[in-house]
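I'll jot things down in the order I look them up.

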Amino acid sequence: MVVALAAARRRRVWRWAMRAVASAVMWTAVLQLASITGLWRPRVFTDCWGGSGSGGASAGLAALAGEDRVAARLSPPALVPRRVYRSNGYLLVTCNGGLNQMRAGICDMVTIARHLNLTLVLPELDKRSFWADPSDFGDIFDVNHFINSLRDELKIVKALPLKLQLKTRRRLYSMPPISWSNDTYYLKRVLPLARKHKVIHFNKTDARLANNGIPIHLQMLRCRVNFEALRFTPQIEALGRKLISTLQRSGEFVVLHLRYEMDMLSFSGCTHGCSDKETEELTRMRYAYPWWKEKEIDSESKRLQGLCPLTPEEIALVLKALGFSKDTLIYIASGEIYGGERRLAALKAAYPNLVRKEKLLSSDELWPFQNHSTQMAALDYMVSIASNVFIPSYDGNMARVVEGHHRYSGFRKTILLDRTKLVELLDHFQGGSLSWDEFSAAVKEAHQYRMGQPTDRRAIPGRPKEEDYFYANPQECVGSSSMGRLRDVS
């Protein structure tokens, strides 16, 4: 009797255990399936500084980024199917320039590799430019996201196979592709070289693909790389989101890309508003760098042609003339301003709510990015594309790439300053021949159609440097119908 009862009890315990295990397995499968399909994601509460919190802090971050978007980053995305193709060889690239010149170059290199059915090796960033930034690709961009998000277009590897590494140490076919080349040039001139040498190296990546006359699927791929695949590292993204959150808590904000750094002034030869001592210092610097080819520069002549960045004092007058009120929150995206606080005095007097990342973040937060100008520029880039209004004081790669990103993001406002007209108006106003009301009205009229509105990209056959830059107006990718096709076009 006792033995029978014990046996019955063991059977009941065994059945209960089996049901518990089956239930656990079933729910685990359900939750994993739901997370893959996006039906369920863990609810995460974080404050705007990236730590744990509750109440208003959580609500502030939810309003900024959306809890779903934050939670989505925690679950690994489903990988797109890998495109299977027979590779014609490997493409090594060494980027040149600052962050945004390299960014555009990387987009072009991916597109060229895809067009030629090459395997792309993770791009090498410029470490020999004026800024001497030692950052590697993985210090700026999320490597795994870059590789995985493009696997349906081409294969990207972190390094050459060992056998080819040994071969390229002895001999490597290196070349700078011809600037502004079309897809036919790469098929007829570059592809045979890649097949012959198995590994080909591009030692320059700036402006190596034409703005216009490129097949639509390749133009769309350039956009996809720029707007989807080139995501910054989690560390840069987190600090950039903190900057944006801090600014957005005060409402709308303007980003002023104030190109008034020492290297910019020295390279361009623009010394308007500088003392004789500063002019001499900038001239000595220009002669010290042999790759800056232009040495003798007439500063005033360049300024009158609109080829110089506006000074901080001129920018203060222009912003006021455009109608920006004194309480406008302005974030300055730039390196160290030449002349320091003295040159910013007039701008600060006109706009007291003038901030920079160094003011919004602690020294401890910025310390990992010090002496890494490209990483610091990445923070400014994130804030710039999130701004309500972006105003560059000078043409340049960041100005043009952010303009294009603003267009892609629903035509956020970018005010493209007509420096030639502004210099003329500023000189008349400061010379007394224009009243303030006349000056303000003329400035507004000159920029009525320079606010980043939808427009066709201007093409000038035979003169690609003078036409509109693809990344400033990627019209093939702008608009609801185009955005939805970025991944569909192949």
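Is lysine 348 buried, partly exposed or exposed? I get 34% relative accessibility for lysine 348, so it counts as partly exposed. My cut-offs are under 20% relative accessible area for buried, over 50% for exposed and partly exposed in between, with a 1.4 Å probe and protein chains only. The areas come from the Shrake-Rupley method, and for residues only the protein chains shown count as cover.

Ground rules before I go on. This is a predicted model, where local features need pLDDT of at least 70, side-chain atom pairs count only at pLDDT 80 or more, and totals for chains, interfaces and linings use all residues. Residues are numbered from 1 along each chain as its sequence is written, and side-chain values use heavy atoms, with hydrogens and water left out.

**Entry: salt bridges**

I searched the whole structure and got 23 salt bridges, each being a side-chain nitrogen of Lys or Arg within 4 Å of a carboxyl oxygen of Asp or Glu. Lysine 348 is in one of them, with glutamate 341 as partner and 2.4 Å between the closest N and O atoms.

Next I looked at arginine 457, which pairs with glutamate 476 at 2.8 Å, N to O. Both sit in the loop between α21 (436-446) and α22 (480-483), so this bridge ties together parts 19 residues apart in sequence. For the numbering, helices (H or I, at least four residues) and strands (E, at least two) are DSSP runs counted from the N terminus. Arginine 457 is buried at 7% relative accessible area, and glutamate 476 counts as buried too, at 15%.

Then arginine 222 and aspartate 108: their closest N and O atoms are 2.9 Å apart. This pair links distant parts of the chain, 114 residues apart, with arginine 222 in helix α9 and aspartate 108 in helix α4 (residues 99-115). I find arginine 222 buried at 1% relative accessibility and aspartate 108 buried at 2%.

I also noted a network of salt bridges that links Arg114, Asp152, Glu153, Arg224 and Glu228.

**Entry: helix α9**

How many of the 14 residues of α9 are buried? I count 11, so the helix is largely enclosed by the rest of the structure. Among the buried ones are Leu218, Met220, Cys223, Val225 and Phe227, but also Arg222, Arg224 and Asn226.

**Entry: positive patch**

On the surface, Arg86, Lys163, Lys167, Arg170, Arg195 and Lys198 gather in a patch of positive charge. My patch rule takes residues with over 30% relative accessible area and no salt bridge, joining like charges within 9 Å. Lys and Arg count as positive, with the charge placed at NZ of Lys or CZ of Arg.

Helix α7 (residues 162-170) gives the most, with three residues. Lysine 167 lies in that helix and is partly exposed, at 35% relative accessibility. Lysine 198 is partly exposed as well, at 45%.

Most residues other than glycine have a negative phi. Lysine 198, in the loop between α8 and β5 (199-202), has a positive one of about 70°. Tryptophan 180 has a positive phi of about 60°, and I find it in the loop between β4 (173-175) and α8 (183-197).

Conventions: Patches are made of residues with over 30% relative accessible area and no salt bridge: like charges are joined within 9 Å, nonpolar side chains (Val, Leu, Ile, Met, Phe, Trp, Tyr) within 5 Å. Accessible areas come from the Shrake-Rupley method with a 1.4 Å probe; for residues, only the protein chains shown count as cover.
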